[in-house]
Amino acid sequence: MITRALVIKLGLGQLISWGTAYYLIGNFGTLIAHHHGWSSSVVYAGFSASLLTMAVVSPFCGRMIDRHGGRIIMTLGSCLNALGCLILAFADQQVLHFIGWIILGLAMRATLYDAAFATLARIGGRDARRAMGQITLFGGLASTVFWPLGHLIQSEFGITIALVAYAGFALLTVPMYAAIPDARHGAPSGTGTTPNPTDDADNADDHGLATHQRLCGFLYAVIVTLLNVVNAAMSAHMIAILIGLGLTTAAAINAASLRGIGQSAARAAEILFGKRIAPASLTLFATAVLPLCFVLAFWGDQFALAAMTFTLLYGAANGVLTITRGTLPLMIFGNARYGHQVGRLLVPGFILSALAPSLYERAIAHWGPTGALWLSIALLACAFGAAMWLYLLLRPQSPETHPAPSPDRHPS
C-alpha cells in the first residue's frame, strides 16, 4: 500500500517540514535576537522549549497515529508549523516568542521523521523499511535547501518577511500530508501475544516475550537518547569545536559542511544495498564508527583531511542511524502500536537533547574543545555497548533454542 507517489509526497513534506521548523533556528536565531534586541540565550531557550514540548506530546502523538493514521496528525502539524512561524515573525514580546516555539514543538513532533515512520509502519507493516529510508533522503537535504533560501529571502526582504515566507512553505505540505491513505497493513503484526489463561506454558512464553521486548525497547531508548544528545550538541558547537582545536574559521565551516554529504550518501547506500542487512546489524556497525571518527578530530589541527574525514564519517553514521531509528522498532514490536511504543521511548531523548547544547557549552568552557570530544566519545561508546547488547538479543536463534510460534497465536 506504500506507493511511489506516497513516498515522494512524504519525502517532500519532510524536506519542507525540517527546513521550516527544526533548521529555522540555525538560519534565523541570531537575526531574531538582533531584530528584537534580545540576548541570543532567550532565542535558543525558545528552541529548547520546543524540544521539551516534543517530549511531552510524543506518546500522545504516536498513539493518535496508531489509532487514526498519519493523515490527520501530520496535516494538523503542517498548520501548526505555519502558525508557529507567523507568531515568531510578529512576536515583539518574549512570551509570544516562547509561545511560537512551543507551537513549533507540537508541529515538529507531528510532522518530522518519527511521525512519518509511524505512519509508514501503520500502512506498510514490516515492508515499510525501504520507504523509511527513501523519505530520509529528502529530509537530509532540508538544511542544504532552506539555509541558502532563507538567507536569500531575509537579505532581500528582512527577517519578518522571511518567517512569513516560511509559514507559506509550511502550508505547502498540507496537501502532501492530506494525501496519506487512511489504511492499515492487514492485521497488526508484532511479537506480542495474547495470554491464554488456561495454558500455563503459553503464559510463561508470553511473559518471557514481553520481558524480552521491554529490554529491547529499553536498549533502543538508550541508543536513541545518547545519539540525540551528541547530535544536538554537535549541531550547535561542531564548528566552534573545530575552530577551538586550531582550524581556521573557513576550514572549520568547509569541514562541517561534509556532514550533510556523508549523511545523504550513507542513506542512499542503505536504500540500495542495505535490504539484506538487519537493522540491528546496521545499528551496531554505525555506532562502532561514531566514537572512532571522533578520535580523528584530535588531529584536525594538524591535518585538514582528518577533520574532513571526521565530519564525513560522522554524517554517514548518523545517516544510517536515522533510518534504523525507524526500522529497529519494527523488529522489536512489529507495527502493532508502533507509534505509541516509539513515542514513549523517544521522550528521554527529546528532553536531554533540549539540554545538550547548554551542557556542552559549559563543558567546553571548563575542559575546552578536547574535553567536549572526550565526552562525546564516552557517550557514543555507551551507545555502542547498548547496540551490541541489542544485536545479541535480536539476532536469529536456532529453532532448538526458540521454537517457532504457531500461526494461530502469532499472526503475521
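Predicted model: local features only at pLDDT ≥ 70, side-chain atom pairs only at ≥ 80, totals over all residues.
I started with H14 and found a kink of about 35 degrees at Arg-325, shortly before the proline Pro-329.

Next I checked the length of H14, which covers residues 304-333. Its 30 residues should span 44 Å at 1.5 Å a residue, and the end C-alpha atoms are 44 Å apart, so the two agree. Is the helix mostly enclosed or open? I get 23 of its 30 residues as buried, so H14 is largely enclosed by the rest of the structure.

Then I went for the rings. A search of the whole structure gave me 15 aromatic pairs. One of them is Phe-47 with Trp-101, edge-to-face, at 5.5 Å centre to centre and 75 degrees between the planes. That pair ties helix H3 (Phe-47) to helix H5 (Trp-101), 54 residues apart. Both Phe-47 and Trp-101 are buried. I also looked at Phe-294 and Tyr-314, edge-to-face as well, with 5.4 Å between centres and 90 degrees between planes. Here Phe-294 sits in helix H13 and Tyr-314 in H14, 20 residues apart. Phe-294 and Tyr-314 are buried too.

Which residues do ring pairs link into a cluster? I list Trp-18, Tyr-22, Tyr-23, Phe-47, Trp-101, Tyr-113 and Phe-117.

Last, the surface. I found a nonpolar patch made of Leu-52, Ile-351, Leu-352, Leu-355 and Leu-359, about 380 Å² of accessible area together. Helix H16 (residues 347-394) supplies the largest share, four residues. I picked out Leu-352 in H16: its relative accessible area is 38%, so I log it as partly exposed.

Conventions
Residues numbered from 1 in each chain as written. Heavy atoms only, no water. Patch = residues over 30% accessible without salt bridge, like charges linked within 9 Å, V, L, I, M, F, W, Y side chains within 5 Å. Areas by Shrake-Rupley, 256 points an atom, 1.4 Å probe, with all protein chains shown as cover. Salt bridge = Lys/Arg side-chain N within 4 Å of Asp/Glu carboxyl O. Helix = DSSP H or I, 4+ residues; strand = E, 2+ residues; numbered from the N terminus. Buried < 20%, exposed > 50% of the residue type's maximum accessible area, 1.4 Å probe, protein only. Expected span 1.5 Å × (residues − 1). Bend = angle between axes of the 7 residues up to and from the residue. Phe/Tyr/Trp six-rings, centres within 6.5 Å; stacked < 30°, edge-to-face > 60°.
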